[in-house]
Every structure is written in structure tokens, then in C-alpha cells.
Amino acid sequence: MTTGDLIGKILQVVIGLVVFAAIVGLLIFLMGRRVGKKRSWWQLLWFLLPAVLLLAVGLVWPAIRTTGLAFQDNAGNFSWDNFVWMFTQPSAIRTLVNTVVWVLLVPTFSTALGLAYAVWIDKSRGEKYYKALVFMPMAISFVGAGIIWRFVYEYRSAGRDQIGLLNAFVVAFGGEPVQWMQTDPINTVLLIVVMIWIQTGFAMVVLSAAIKGIPTEQIEAAMLDGTNPWQRFSNVTVPGIRGALVVVLTTISIATLKVFDIVRTMTGGNFNTSVVANEMYVQAFRASEVGRGSALAVILFLLVIPIVIYNVNILRKQREIR
Amino acid sequence: MRVHRRGRLIAAAAGVGVAALALAGCTGDMEEGGEDVDCSEYEEYGTFEDATVTIGGTILDLEADRLVESWSDFATCTGITIDYQGSSEFEAQIAVLAEGGNAPDIGIVPQPGLLARLAQGGWLIPASEGVEANVDEFWSEDWKAYGTYDGTFYAAPLMASIKGYIWYSPTEFEENGWEIPATLDDLTALSQDIADAGDHKPWCVGLESGEATGWPGTDWIEDYVLRLHGPDVYDQWVTHEIPFNDPQIVEAFDAVGEYLKNDDMVNGGIGDVSTQISEAFQTAGLPILDGECSLHHQASFYETFWNPEGGDEVTVASNGDIFGFLLPPADAGDPLSVTGGGEFPVAFRDAEEVEAVRTFLSSDTWANNRVSLGGVISANTGVDPENASSELLVQSIEILQDPETTFRFDGSDLMPGAVGAASFWTGIVEWVGGASTQSVVDEIEASWPAS
């Protein structure tokens, strides 16, 4: 590619954006002229149309097609084989089990740690800095985090210089270096640690804000009633931030179900560490088994749905209370 | 307020400028060279106006530069602009691109298995008569068959590599009076001698390769299947006429296991058996240079890995620091059989300029051009071996051109992706990690797609 090509491409992008803006502007202008002419139903349709169209093309149709592919073999005939494979092959079952372990451990630990930290540093001097410290991993991409932590877990055989932090500690205390990334099942737990490290900051920030939203009167009243700090925490703080807790737990659960980058950069799904999203990519694109990949995508979709429904329900209930 | 606004504008403009500069840095403007090109060799391909052919493939960096250089004269003389775009994700994306109608005009596919899948999808344009004539003239039947699917010939081979080299230090062999083994048993005896001497383990092995971890192990198995049971069983194995857990395959696994699963044999200079999985294949052979191991099994392309920093500190030659011999046959009298790999430029667009490029790529002119630039070999019989850049490559070309050589394509590249690029790799990892041969081959067999 030459600089000329590059300028051409940048021009293309700019022209595309200008055309898009012009069309949207024209639409809004035309709609605006209609205001007050009792055509609100038409207006609604016109404003929704672009979004609905894009959703249909970019989201709904692919979802339908993926579901269709999940029930086809390579020749395109209807078959249950992809699902049979998923629930009978030991390696595929292991993938499902790993995903469940991830979803159980990551949201629980990141929320618990984030909450504890938020309560602990609340109203302390230098709170801002303590917060920034824990929040910083959020700014690192998953791939970046994966590479950093792979160095932490790096292994060199006994007698050679350990370049991995964890093994350096082990050796310093007189132990034998361990092949962390190859030892099942500790390797899955170590990958989960990376995700917790990233997500704790998110939980901490949201929960800290929620804690600050609890009316001081409630806390003071509880203190007057002679409660100890633990009772205040469990009976005043936690109910006060319930909504935020649910949001944090469900958001992290959904992010965890989709985890792909960490596993792919750190182990590539080897050594029994694969999860559904990684296996989905491997099957669909590397193994050319589009049906199996699609079946895994469908399972992932089914796993996310209850969490989303629960999330929406809780939010709706809270709105009703208010 | 006005001042403030202008400040912002300037900042924005500066931002765009910086971004443009940064991007321009990546483009690597090339000088338009080659004013005095002898076009007589390229007349047969005709001339075109405003014709552009896009090519995609897995070839990157220096290799990609050489590839572009190899056809620059052709492009100048015929007037075809050739755009090459390399990507390490090419194999994963090409089927998706083809289905969406966005594939490049030519895709350089490194696996016959992938070629078959693309042909099955109905996206490939069969090769033109010019390409087929070149292949019939310059390549063996075996090679032509790898570019054929279901009776239709789709693509000529491009470059090639030979697998199954065993790298060793000629000086060390000479000092100890070791002979280059003539049979597999000799190799076992040699390895045992080195192990018994006790100062270092004979073999060093590295299977780590990111998400493809395990593939160097599949090369071992393929080499042993071919040598122990011959080309017919090999063909039946890769086409699934015999199951993956056939006793003959188990035998090959166990023969390899004598080395890879044996703490006396591996992993010299690195650690115990389990370290094979975490040792990157790129660096695994280097302990030979320090005398910490003596033998390393890896393809001909490993030649460039001996000098990881570049330069030529380590000389690869039969009288130098490092050289390679082919994994010997089972019996001394057996014909030479080798496994190897190669690429196939398949076409996605039916146009004269595309076929002109493909015809050129299948010619002896191109093969000699590319081989002269160094680093690779071709199985094109029109190649003069002396054009190759090193002693090992000259030897490799001679092996490929020898009509007595039984050549078989890398088996995992011929198998369906679900096996060759997935369960076979992970199976090797589990197997070296301690799983029994039978359980591993059973699991790989179960993953073989039904259709």
C-alpha cells in the first residue's frame, strides 16, 4: 500500500461519513416539518426504521441463520449430530464444565472482593488513589492482561533461571517449579484469577458509588440502635445497594460467559482449559466444523438469556418500588 | 470562547495529522523499480490494461517481500497490478470471505484439506488449460492430485518444504565417531548410545506453537506411519479408509513414544518429558549448539531458525555447525519416502488476468525466480537445484525431483480440519502429557466428522 492508496481510503471513509450524516440530517429535517400535523405514528415508524433494519440485518438474521446451521451437518442436511457431539465428546463436555466453573467463580469473587474493598476504603483518606489502583486493570485489554499473566505463570525447568514471577516465588521458598498452565485443573483457576483481577475494579467502582448513595440517616439510626459494624453492613448497606449488586453480578456473569481472549492468548484452549466461546471459534473457523461452532453459539445464547431476563426483572421491580 | 474553539480545532487537526503520519509509516512506500526489464520471457502471457489481481495468503514478512519480488518483472511486463495481502488468520477467514463473495482473486492455500473444502463450497474456479499443461510438464502425479478435488483440477502447487529432517551437529558426530543412521533401528541404537554416555539426553523437542500447540508431534507420527507401513497405508489413513485407531497407527504412535514419552531420550537441555509441551518449536533445537542434546526433528524450514538473531554465526552445512539428515527408512533397502508441505494458489474470480498470473506461478520461470531469492524450495522439476540458497535446500530439491522418491503431503493438512487442525494437535499434547496411546487415538477417531 502506498501513501496515495492510504489517502484514497481515508477520503472514502470521510465521504461515507458525510453521506451518512447528510441522509440522517435530511430525515430529521423532513420529520421535523411534519411535527404538529398529527402524523406521530408515521414519525415513529420513520425514526425506528433505520434501527430496525440494521438490527434485522446485523443481529436478527445472523441469529436465525446460526441457529439453522447448528442443526445441519457439513452437507447441509438436518441433523442433531452437533448437539450429540457437544454432550458426548469428553473434550466438548469439559468445555461446558469449564464455562460453568468460570461463571460460578468470576462474578462471585470479583463482586465480593470489589464490595469488601469499596467498604474498606469508603471515606478513608486518599480514597481516590486506592480506587484508581484497583480500577486500573479495567483499562487493560483482555489480550494484554493475558500476555502479562502468561509471563507471571511462565515455567522454566528446575535449575534454570525462572522468568515467571509465580515460579520465582516458589523456587525462592525452596519448592520445585510448577508448569502452571499445563497442570489441570489448577490452570483453569489461574486463568479465572486473571478475569477476577480485571473485573474487581468494575465491581468496586459501581458498588462504591452505590454505597455513597445510601442515606446517612439510615446509618446513623442504626448506630443509635447500638448495632455493630457487621450488622450495619449486612442490614443497612447490603439492602441499600441491592440493585447495584444485581447489576454488577449479572454484568460480570455475561462478560464471563463470553470470555475468549484470555483463554486464547494464555493456553489457546489446550490442557483442558477451553471454554464455550473459544471452542466456538476453534470449531467454526479452524476445524471448519461450522455446525459445531454454531451449536456452541446457540448454547451460549441460551445460557445468557436467563441472566438477562433476571436482570431486567429486578430492574423493573425496583422501578415499581420507586 | 472563540479562542477556545479555535484551540480545539487545532488540536483536532493535529490529531488527524498525527494519525495520518502514523498510518503512513505502516504503508512502506516502495520505489517503482525495474525500468530495464527483459520482457521476452513474459510475452506469452499477453498484456493487460488496468488489470488488478489480488492475492491473499499466510505468507508474511520477509517471505512475503520475496514473493512480491518474484513476480515484479511479470507485473511490469504484462501490466497486471498484483496486490498481495498476507494474514496469519488467512486459513480461518478464507471460507468466510469466499462465502460472502469477498475473497481475494487468488488465495494461496497451504493445505489440500482446505482446498477440498473450498471446492466443496463451490467457490473455486477450476484451473485453466495453461496451468494444467504446466503441471503436467513440471510436477509429479502425486503433486497434481493434491490440487485436485473430485476429479476437477483446481490449482498447481507453488512452493514446497520437506518434513522429517533430523538436525544434528556434524562436528559432534565426527568427534564421537557416530554414523548417520541408515535405518530406524540404527537411529534407536544411536539415541541409546548417546543416552548411555550420560552427559546429555539425545533429543530435544518443542511442541509449543500458540493455539497450534502439538503440530510438531503430528509430523513425527506421519513420518513413522509412512516409513513403517508405506504410502498405501498412509493414504488410507489420511482419507479415513482405515480408522485413526487402527493397530498400524497405534504401532507408529508407540514407535514415536519410544522417544517422546521416554525420560531418557528427551528433553535435552530443557527438562523432563513434560517440558516438550511448553517449549516453543522455534527455539527447541537450539540446545544442540550448546551440546545439551544431539538430535532434533523438524522440517527443512528450520534452517533459518538456527540464527534467531539473524546473521550467519551458525553455519548450516554438512561440514558446518549444523546439518540435517532425513529420518531413515525402516529397512536399509526401502526406497526413500518423505513427507512435506506446499501451497496451492486457488482462484476465486474467473478472469483472464487471474489465469495469466496463475499460469505464470505454475511455470518453471517463476519457480526459478523464487528459489533464487532464497529460503524456499519447489517441487517443480524445471527448477535448477543450484539456484537454491543453501546446501540443504539444494539437497531437498534433488530429493523432491528424484522420481524414485515417494512423496506424501503432510497428513494433518490432508485430514479434515476437525482432526488435522484440532483433535490431532490436542491429542498429541495429551499423549505427551501422559495419556495412553489407545485413549488418544480413540478420541481422535471419535472426532472425525461423519460426512
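Analyst: A residue is called buried when its relative accessible area is under 20%. The structure discussed here is a predicted model.

User: What makes A:Glu127 count as buried?

Analyst: The relative accessibility of A:Glu127 is 12%. The cut-off is under 20%, so A:Glu127 is classed as buried.

User: Is A:Asp122 buried or exposed, and how do you know?

Analyst: A:Asp122 has a relative accessibility of 18%. Because the limit for buried is under 20%, A:Asp122 counts as buried. A:Asp122 is located in the loop between helix H4 (90-121) and helix H5 (127-135) of chain A.

User: What makes the pairing of the side chains of A:Asp122 and A:Lys212 a polar contact?

Analyst: Such a contact needs N or O atoms within 3.5 Å, and the value for the side chains of A:Asp122 and A:Lys212 is 2.5 Å. With neighbours within four places in sequence set aside, A:Asp122 is in contact with A:Glu127, A:Ile211 and A:Lys212.

User: How do you know that B:Glu99 and A:Arg65 form a salt bridge, and which elements hold them?

Analyst: Their closest N and O atoms are 2.7 Å apart, and the limit is 4 Å, so the term applies. B:Glu99 is in helix H4 (residues 90-99) of chain B and A:Arg65 is in helix H2 (residues 40-70) of chain A, so this pair joins two chains. The relative accessible area is 49% for B:Glu99 and 36% for A:Arg65.

User: Why can A:Arg94 and A:Asp184 be said to tie together separate parts of the sequence?

Analyst: The side chains of A:Arg94 and A:Asp184 meet in a salt bridge of 3.0 Å, N to O. A:Arg94 lies in helix H4 of chain A, and A:Asp184 in the loop between helix H7 (165-172) and helix H8 (186-212) of chain A, so the pair ties together parts 90 residues apart in sequence. A:Arg94 is partly exposed at 23%, as is A:Asp184 at 34%.

Definitions and conventions
Residues are numbered from 1 along each chain as its sequence is written. Chains are lettered from A and ligands numbered from 1 in the order in which they are written. This is a predicted model: local features need pLDDT of at least 70, side-chain atom pairs count only at pLDDT 80 or more; totals for chains, interfaces and linings use all residues. Side-chain values use heavy atoms; hydrogens and water are left out. Helices (H or I, at least four residues) and strands (E, at least two) are DSSP runs, numbered from the N terminus. Buried means under 20% relative accessible area, exposed over 50%, partly exposed in between (1.4 Å probe, protein chains only). A polar contact is a pair of N or O atoms within 3.5 Å; within protein, one must be able to donate a hydrogen and the other to accept it, and residues adjacent in sequence count only if both atoms are side-chain atoms. Contact means heavy atoms within 4.5 Å.
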